[in-house]
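Here's a quick briefing to read with the model open beside you.

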Amino acid sequence: MKRIILTMVMGMVVMAGFAQEKQEKQEREDNRLGWNVSIQGGVLCSINENTHAASFGDLLTSGVAIGMGYDFTHSFGIRGQFTYGRNVSGTNVKESGRQLTLYKFNDVSLFGDAIFNLSHMCSRDFRKNFAFELKGYVGLGCVFADDYDAMKQGFYQGMVKDNGQTVLGMRFGFIGDWHVSQALSIYGDLGLTGYTDGFNGVNTGTWLDMRPSLMLGVTYHF
């Protein structure tokens, strides 16, 4: 008897869940397509040839970004994003013969991203009205790095002599987007960017300087 009652209760719970999901599908309007603007900020982590000897906490810095995007369909959109970031690297111990000294530098970048709505693409009925969506993106950009603290401190050996560096960047990541309303969404952006060598002021060692990031942002859809 207990098993029968438990089975009935579980069945009612499942049916209620399906009914709630169906009601949500019916009540929510389709998420907006077209233009959107966004602003985000968060934590960056520098990974390059001279940071392995530093602690994780020393490598954390911050960054902000503003962007404009366009959703062509519920599956695919694009985004242009202007970013300012603060970075950490270390003096070239092997070539300079000196003890590792961490230094910071700034960068500004412009990226173009292709964005894929994974929730829509993987849903059975290609839903268009998710309250929460998971998206993936890949992008290319141009990055200008400047204001190396190490240059000011005189650690020139093993460093690029010219202060400013313009390099290419490649990135990919995931976006978790929560639609508060038809016009407003709050999101988290977890990404990984690779920069061609010289981004951190050191032109030896690995051919890519890496930077994972975790950002929180707000998007306005119009």
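**Strand pairing**

G191 stands opposite S213 in β8. This is a predicted model, so to speak of local features we ask for a pLDDT of at least 70, side-chain atom pairs count only at pLDDT 80 or more, and totals for chains, interfaces and linings use all residues. Residues are numbered from 1 along each chain as its sequence is written, and side-chain values use heavy atoms, with hydrogens and water left out.

- Helices and strands here are DSSP runs numbered from the N terminus (helices are H or I with at least four residues, strands are E with at least two).
- Two strands count as paired if DSSP finds at least two bridges between them.
- Strand β7 (residues 184-196) runs antiparallel to strand β6 (residues 165-179), and eleven bridges join them.
- The link from β6 to β7 is a hairpin of four residues.
- Within that pairing, W178 has I186 in β7 as its bridge partner.
- On to strand β8 (residues 208-221): β7 pairs with β8 over 13 bridges, again in the antiparallel sense.

- Strand β1 (residues 34-45) pairs with β2 in the antiparallel sense, over twelve bridges.
- T83 is found in strand β3, and T83 counts as buried because its relative accessible area is 6%.
- Leaving aside residues up to four places away in sequence, T83 touches V64, A65, D107, V108 and S109; contact means heavy atoms within 4.5 Å.

**Aromatic rings**

- Rings of Phe, Tyr and Trp (its six-membered ring) pair if their centres lie within 6.5 Å; planes under 30 degrees apart count as stacked, over 60 as edge-to-face and the rest as tilted.
- By this rule the count comes to eight aromatic pairs.
- F72 and F76 form a stacked pair, at 6.0 Å centre to centre with 15° between the planes.
- F72 is partly exposed, at 46% relative accessible area, and F76 is partly exposed too, at 30%.
- F76 and F116 form a tilted pair, at 5.6 Å centre to centre with 50° between the planes.
- That pair links distant parts of the chain: F76 is in strand β3 (residues 76-90) and F116 is in strand β4 (residues 102-117), 40 residues apart.
- F116 has a relative accessible area of 32%, so F116 counts as partly exposed.
- Ring pairs join W35, Y70, F72, F76 and F116 into a cluster.

**Charges over rings**

- A charge sits over a ring if NZ of Lys or CZ of Arg is within 6 Å of the ring centre and within 35 degrees of the ring normal.
- R127 lies over the face of F130, at 4.3 Å from the ring centre.
- R171 has its charged end over the ring of F111, 4.3 Å from the centre.

**Core and overall picture**

- A nonpolar core is a set of buried Ala, Val, Leu, Ile, Met, Phe, Trp, Tyr and Cys residues joined through side-chain atoms within 4.5 Å.
- The largest such core has ten residues: Y103, F105, F111, V143, A145, Y148, V167, Y195, F199 and V202.
- The elements giving two or more residues to this core are β4 and β5 (132-146), and β4 supplies the largest share, three residues.
- Overall, the protein has four helices and eight strands, in the order α-β-β-β-α-β-α-β-α-β-β-β along the sequence.
- Of its 222 residues, 42% count as buried.

Note on methods: Buried means under 20% relative accessible area, exposed over 50%, partly exposed in between (1.4 Å probe, protein chains only).
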